[in-house]
Amino acid sequence: MSESTQSNEISILDRNELVRNVITKHKRLLEEYNREFSGLEEKVKALKEQVDSSKKDKEDVLSRIELLKEKRQQLYHQAENTLEEMFDEIDEKLLDNKLMHGVKDDITKVKRAFDIDEEKKIVEELLNKLNGMGTQEDIQKAVQQIRTRVNEAITSSTELAGISGTENNFESAFQKAREELKELTPRHGWLENRIKSHNEALQYWEKLPSSEEKTQEADA
């Protein structure tokens, strides 16, 4: 075998070895990056879901709070209107003016109450006064309407007291998840780009004809 032939064979082997090493390197890096990216992808997905969920929960709570506030005021207002209609439509001889004015004062006070325990106490006193109203049919019909509105209002107030402030918990969860997502996003994006780049490079080198193939094509 001539020195020229040996030199060519060495060159071919060196080139093929180089290509194999490059392919091996890309595969190794892809394996490492894909492994890290897979775990990071799950975290990023979970955090994005948590951000969306916390934001929606907060908006839902705030919307519910506003609805309950409006409903509470509306119900007490309706009870107050029914009481005023009693003054206008029912013979005053049938009414206990002291109780009527006492109920009116209680409704005024309860509308301004912000503490649920205070509100419940006022409502209890109000309902006791209603129990002392006359037995005449029109009176009892109006009293029942007032009682229903007041009970519905205190139910709204109780729910309102239970959820007030919970929007802060959702805001805290939202901020925490968003900060974690902010920290992970750069690495997640970098890995995604590197994986794409190495896949493209790997496809290029794997499709590249070997030196032996080129030699055979040249000799054909």
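**Helices and their buried sides**

Author: In α2, the buried residues are Leu-99, Met-100, Gly-102, Val-103, Asp-106, Ile-107 and Val-110. Their arc around the axis is only 160°, which puts them on the same side of α2. Buried means under 20% relative accessible area, exposed over 50% and partly exposed in between, with a 1.4 Å probe and protein chains only. The arc is that of the directions from the helix axis to the C-beta atoms.

Reader: What kind of model is this, and what are the cut-offs and the numbering?
Author: This is a predicted model, in which local features need pLDDT of at least 70 and side-chain atom pairs count only at pLDDT 80 or more, while totals for chains, interfaces and linings use all residues. Residues are numbered from 1 along each chain as its sequence is written, and side-chain values use heavy atoms, with hydrogens and water left out.

Reader: Which exposed residues does the face of α2 turned away from its buried side carry?
Author: That face carries Lys-98 and Arg-112. At the start of α2, a side-chain oxygen of Asp-96 comes within 3.1 Å of the backbone nitrogen of Lys-98.

Reader: What span should α2 have?
Author: At 1.5 Å a residue, the 16 residues of α2 (residues 97-112) should span 22 Å, and the end C-alpha atoms are 23 Å apart, which agrees. The expected span is 1.5 Å times one less than the number of residues.

Reader: Lys-111 next. Where is it found?
Author: Lys-111 is in helix α2. With a relative accessible area of 23%, Lys-111 is partly exposed.

Reader: Which residues does Lys-111 touch?
Author: Leaving out residues up to four places away in sequence, Lys-111 touches Arg-72, Gln-73, Tyr-76, His-77 and Glu-80. Contact means heavy atoms within 4.5 Å. The side chains of Lys-111 and Glu-80 are joined by a polar contact of 3.1 Å. A polar contact is a pair of N or O atoms within 3.5 Å; within protein, one must be able to donate a hydrogen and the other to accept it, and residues adjacent in sequence count only if both atoms are side-chain atoms.

Reader: And Ser-156, buried or exposed?
Author: Ser-156 is buried, with a relative accessible area of 3%. Ser-156 lies in helix α4 (residues 137-163) and touches Leu-68, Lys-71, Arg-72 and Leu-75, not counting residues up to four places away in sequence.

Reader: Back to helices. Which residues of α3 are buried?
Author: Ile-116, Glu-119, Ile-122, Val-123, Leu-126, Leu-127 and Leu-130. They cover an arc of only 140° around the axis, so they sit on the same side of α3. The face turned away from the buried side of α3 has the exposed residues Asp-117, Lys-121, Glu-124 and Asn-131.

Reader: What caps the N-terminal end of α3?
Author: Asp-115 does, with a side-chain oxygen 3.1 Å from the backbone nitrogen of Asp-117.

Reader: Where does α5 bend?
Author: α5 bends by about 35° at Leu-184, and Pro-186 follows within four residues. The bend is the angle between axes fitted to the seven residues ending there and the seven starting there.

Reader: How many helices and strands in the protein?
Author: Six helices and zero strands. Helices (H or I, at least four residues) and strands (E, at least two) are DSSP runs, numbered from the N terminus. Buried residues make up 30% of the 220 residues.
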